[in-house]
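Good morning, and thank you for the time. I would like to take you through the packing of one protein model, going from a single helix to the cores and then to a sheet.

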Amino acid sequence: MTHPLRLDPARFFPAEPAVRRIALDLFAQVETLRIVSPHGHADPAWFAQDKPFDDAPGLILIPDHYLLRMLASQGVGLEQLGVRPLDGGAFETDRRTIWRRFAEHYHLFRGTPSRLWLDHAFAVVFGLEARLEAQTADLYFDAIGQALATPAFRPRALFERFAIEVLATTEGALDPLEQHAALRQSGWPGRVIPTFRPDDVTDPDKPGFHGRLMRLGEAAGEDTATWNGYLAALRARRAHFRSLGATATDHGPPSTATADLAPREAQGLLDRHLLGRAQPGDAEAFRGQMLTEMAAMSCDDGMVMQLHAGAHRDHNPGMLRRFGHDKGWDIPTAANFVDGLKPLLDRFGNAANFTLVLFTLDRAAWARDLAPLAGAYPCLRLGAPWWFHDSFDGMMSFRRQMTETVGFYNTVGFADDTRAFISIPARHDLARRIDCAFLAELVATHRLELDEAALVARDLAYGLAKAAYRL
């Protein structure tokens, strides 16, 4: 026996009828707005080459670390899901078997945002009418495979169907950006732009740091063994990203620590790392100094700076060795923005041409740190609830904790932050519905007029991201 796949038109809205009617009215005004996706991890090659996606596992399951981590937590090995081990070990290659295994475990996602996004994609994008479960695994595999073989499901066609106005990807400082260059030359009007993510050359704890610094110098024609040459090389890379449309940088340090060192001290830090003589605390100081240097560069070139702090990356060393990065073992940590950002804000907190968008996985820091800071410093804006919190409860809690201190206009709307291309419209749909539900409560309790709520809903869905990221 199979079960129907239904998406209620009033899903995620308040149960109380009067408030639900207000939410429905607000949502009707933003549901079809174009998507601005200012931060994510889509592959630009999808759009540069416009090749058909392979199949259901390749499009939906294998790239999505939200799915992989849940399945792994229940004892499903990544190699059983078609993830190739780096050590050359055996892994499942039969794609139908992989999809059947996923379908058999789909119940694990009940109550999670992944389930909401996937059901939206299955129903809206692929037109499926039965719920994914063991009995419908082959139906899904065949229907999705047949759809992906048609021109309507090529990457560029889906980009246009999803009404994406602009999509920002994320690339390391040494990325040659060949796919973005090819996109620019293709004549296709879709706007896909890079984002400058320099962690590979600003975090000395990352293996291979010395070699990447030398490559950075070669790419920019600078001596990166000197502090001034190192900074000049980073400026050159930023300029190259901007030439291909980038408007933002992104930084993912393990903590919020920043620093403001004299050039001589900074050169000493660089020397010790290059010579293999780093002392305890040097790596943290180096990363902190580089965040402040990136802020200085943003003041010069106008790129919006994003800080994604508070994650212990690759917490499981065995899985890192076997399968590589971004397989689901990044874990939230506590974050102290008040003390950590102080050196950077002392220099640039009041700068007119500087925007720093703050994200955290530490929900305790929302009302304690982030809202008071962004409610005072003109350079600060609050990013959307991120990663573990881009969920119904996470996004609603974000609005409840933040709004009374920071308002709506010190936030930047929604960022889907995804590698799962097919889920982008579902994620934006969920965010818009939750914002409309929250606004409906304000209207129903006479904290906001309906016409104002309609304006805010539009800004949260579209305008704030476009303005904050200078898109």
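Let me begin with a term: contact here means heavy atoms within 4.5 Å. Please also keep in mind that this is a predicted model.

With that in hand, consider helix H18, residues 365–374. Seven of its 10 residues are buried, so that the helix is mostly covered, buried being defined as under 20% relative accessible area. The buried residues are Ala365, Trp366, Asp369, Leu370, Ala371, Leu373 and Ala374. What covers them? The cover includes helix H16 (337–340), helix H17 (342–348), strand E10 (356–360), strand E11 (380–382) and helix H19 (392–406).

I turn next to a pair of helices. Helix H11, residues 209–220, packs against helix H13, residues 263–274, at an angle of about 120°, and their axes are 10 Å apart. That angle makes H11 oblique to H13. On the H11 side the contact is made by Phe209, His210, Leu213 and Met214, and on the H13 side by Leu270, His273 and Leu274. Sorted by class, this contact has five nonpolar residues, two polar ones and no charged ones.

In soluble globular proteins, nonpolar side chains tend to be buried together. In this model, the largest nonpolar core has 54 residues, and those touching the most other members are Phe13, Leu26, Val30, Phe408, Cys436, Leu439 and Tyr469. At least two residues of this core come from each of helix H1 (17–28), strand E2 (164–168), E10, H19, helix H20 (424–444) and helix H21 (450–468). H20 gives the largest share, 11 residues.

Take Leu439 as an example. Leaving aside residues up to four places away in sequence, Leu439 touches Leu26, Phe408, Leu448, Ala453, Val456, Ala457 and Leu460. There is also a second, separate core of 53 residues, with Phe196, Leu234, Ala295 and Met305 among them.

Finally, the sheet. Three strands form an open sheet with parallel pairing, in the order E1-E2-E4. Which strands stand at the edges? They are E1 (35–37) and E4 (192–193); each has a single partner strand, so one side of each is left without a neighbour in the sheet. Three bridges join E1 and E2 in the parallel sense, and Ser37 stands opposite Leu167 in E2.

Thank you for your attention.

Key. Residues are numbered from 1 along each chain as its sequence is written. This is a predicted model: local features need pLDDT of at least 70, side-chain atom pairs count only at pLDDT 80 or more; totals for chains, interfaces and linings use all residues. Side-chain values use heavy atoms; hydrogens and water are left out. Buried means under 20% relative accessible area, exposed over 50%, partly exposed in between (1.4 Å probe, protein chains only). Helices (H or I, at least four residues) and strands (E, at least two) are DSSP runs, numbered from the N terminus. Axes are lines fitted to C-alpha atoms, for helices over the stretch in contact, and angles run from 0 to 180 degrees between N-to-C directions. Angles under 35 degrees count as roughly parallel, over 145 as roughly antiparallel, 65 to 115 as roughly perpendicular and the rest as oblique. Ala, Val, Leu, Ile, Met, Phe, Trp, Tyr, Cys and Pro count as nonpolar, Asp, Glu, Lys and Arg as charged, and the others, Gly among them, as polar. A nonpolar core is a set of buried Ala, Val, Leu, Ile, Met, Phe, Trp, Tyr and Cys residues joined through side-chain atoms within 4.5 Å. Two strands pair if DSSP finds at least two bridges between them.
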